[in-house]
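This report describes the overall fold of a protein and then turns to several individual residues. Please consult the sequence and the structure alongside the text.

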Amino acid sequence: MSQNVVLITGDGIGPEITASVQTIFKEAGVPINWIEAPAGLRAFEETGNPLPEETLNLIKEHKIALKAPLTTPVGKGFRSANVTLRQTLDLYANVRPVKSLPGVQTAYPDVDIVTFRENTQGLYIGHERVIDADHVELIGLITRKASERIIRAACEYATKYGLRKVTLGHKANILKESTGLFLKIGYEIAKEYPKVDFGDMIIDNMAMQLVMRPQQFDIIVTTNLFGDIISDLASGLVGGLGVTPGANIGEDYAVFEAVHGSAPDIAGLNKANPTAILFSALMMLRHLDMDEYYERIHAATLKTLADTEVRTADLGGKGSTKSFTEAICRNLDK
Ligand code: NAI
């Protein structure tokens with residue numbers, strides 16, 4: 001029986017990179033029934049709503065979605081549909097694995113880090129209050145419940161995949177009460193996981209350590225805004241935004257998406273690297289226990305990435321979105 005998955009093709013390069021995933025999955029015979037749903041700037045222009053009710057209802061019905069990036073106007077316009085989606089569906093864990101890729105030249109050959117970013121609170125919730133033209137207040141939120149579940153998710157992942165270290169990123173030297181609470185809860189939860197080597201690091205030091213010695217990290221768990229920045233930094237250690245996948249996971253629903261945005265500068269030019277969204281779709285296959293398909297497509301993608309000619313321009317190659325996709329299809333073990 002086919003698995004229903006809601007597909008949001010999104011904005012900018014979204015339609016090109018999701019088409020690539022669909023082509024590869026079809027070629028590999030993955031039994032997925034894609035149900036397309038609108039969201040983002042295009043949806044806003046067409047329906048007046050960047051996250052139409054029908055899209056939310058489809059995700060609630062089918063539980064799983066693959067989402068391409070959505071454009072959010074900067075400094076004006078509607079609220080990010082991504083943030084609304086995460087909050088409405090309570091997708092509290094943003095999971096972003098970065099792993100060095102064979103043949104992709106980067107500063108270090110052996111990076112393997114998974115970031116667990118709290119996805120529903122912190123400064124990122126966008127509670128901004130304009131006092132007057134020259135003063136704006138920004139309110140963040142940290143709660144015990146949200147902190148416990150994200151830290152527990154990171155420790156569970158470490159246990160499941162036999163990873164040693166979980167490092168909690170915070171700024172409790174300055175934001176003593178808010179990120180201080182997150183830090184305190186971290187050490188409480190860590191007591192439940194005696195096999196995990198749990199530690200903490202002030203976030204600015206963590207940024208530097210990631211650049212100087214990324215091999216010291218296995219799993220990073222941190223609050224929303226810090227996680228947003230740190231996970232992009234980590235992505236740069238393995239080849240950049242074009243190769244970094246992500247998942248937003250809650251108790252009931254899971255939405256898989258690339259870390260990168262809609263890349264309006266290259267939209268429609270057949271230049272986008274589909275690897276990040278493809279790896280996100282592969283995380284989805286693992287989540288759905290479709291490991292056999294995961295292994296096959298993952299192996300074909302690694303083989304293709306190692307070919308410098310075929311890779312897309314962001315990785316120094318000469319390939320286009322389409323030719324790279326076709327090469328992955330050819331490399332699938334038949
Ligand atoms: P971006 O990630 O779209 O682009 C940054 C740079 O990376 C650009 O030069 C772009 O061409 C390149 N790039 C990104 N993805 C690529 C890919 N797959 N292949 C090759 N090159 C790639 O970030 P930017 O410009 O800050 O944001 C553009 C729009 O995307 C904004 O409206 C922003 O709000 C939105 N955005 C949406 C996200 C989401 O839906 N999850 C996440 C981040 C940004």
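Helices (H or I, at least four residues) and strands (E, at least two) are DSSP runs, numbered from the N terminus. The model is predicted: local features need pLDDT of at least 70, side-chain atom pairs count only at pLDDT 80 or more, and totals for chains, interfaces and linings use all residues. Residues are numbered from 1 along each chain as its sequence is written, and side-chain values use heavy atoms, with hydrogens and water left out.

**Overall fold**

The protein contains eleven helices and twelve strands. Its radius of gyration is 20 Å, close to the 20 Å that the globule rule gives for 334 residues, so the protein is as compact as a globular protein of that length. That radius is taken over C-alpha atoms, and the globule rule is 2.2 Å times the number of residues to the power 0.38. The C-alpha trace spans about 55 × 45 × 40 Å along its principal axes.

Of the 334 residues, 54% are buried; buried means under 20% relative accessible area, exposed means over 50%, and partly exposed lies in between (1.4 Å probe, protein chains only). The protein exposes about 15,300 Å², of which carbon and sulfur atoms supply 53%. Accessible areas come from the Shrake-Rupley method with a 1.4 Å probe, and for residues only the protein chains shown count as cover.

Contact means heavy atoms within 4.5 Å. Among contacts between residues at least 6 apart in sequence, 71% join residues at least 24 apart.

**Domains**

The domain assignment gives domain 1 (1–93 + 244–334) and domain 2 (107–237); such bounds come from an automatic or database domain assignment. The centres of domain 1 and domain 2, taken over C-alpha atoms, are separated by 25 Å. Twelve residues from domain 1 and twelve residues from domain 2 take part in the contact.

**Individual residues**

The table lists the relative accessibility of selected residues.

| Residue | Relative accessibility | Class |
|---|---|---|
| His260 | 9% | buried |
| Ser20 | 4% | buried |
| Thr308 | 45% | partly exposed |
| Asp90 | 29% | partly exposed |
| Asp289 | 67% | exposed |

His260 lies in the loop between β12 (254–258) and α9 (275–287). With neighbours within four places in sequence left aside, His260 is in contact with Ile13, Ile17, Pro69, Leu241, Gly242 and Ala276. Ser20 belongs to helix α1 (residues 14–28). Apart from neighbours within four places in sequence, Ser20 is in contact with Pro274 and Thr325.

Thr308 is located in the loop between α10 (291–305) and α11 (321–331). Beyond its neighbours within four places in sequence, Thr308 is in contact with Gly316, Gly317 and Lys318. Lys195 is 113 residues from Thr308 along the chain, and the C-alpha atoms of Thr308 and Lys195 are separated by 41 Å.

Backbone geometry is the remaining topic. Most residues other than glycine have a negative phi. Asp90, in the loop between α4 (81–88) and β4 (93–99), has a positive phi of about 55° although it is not a glycine. Asp289, in the loop between α9 and α10, has a positive phi of about 60° and is likewise not a glycine.
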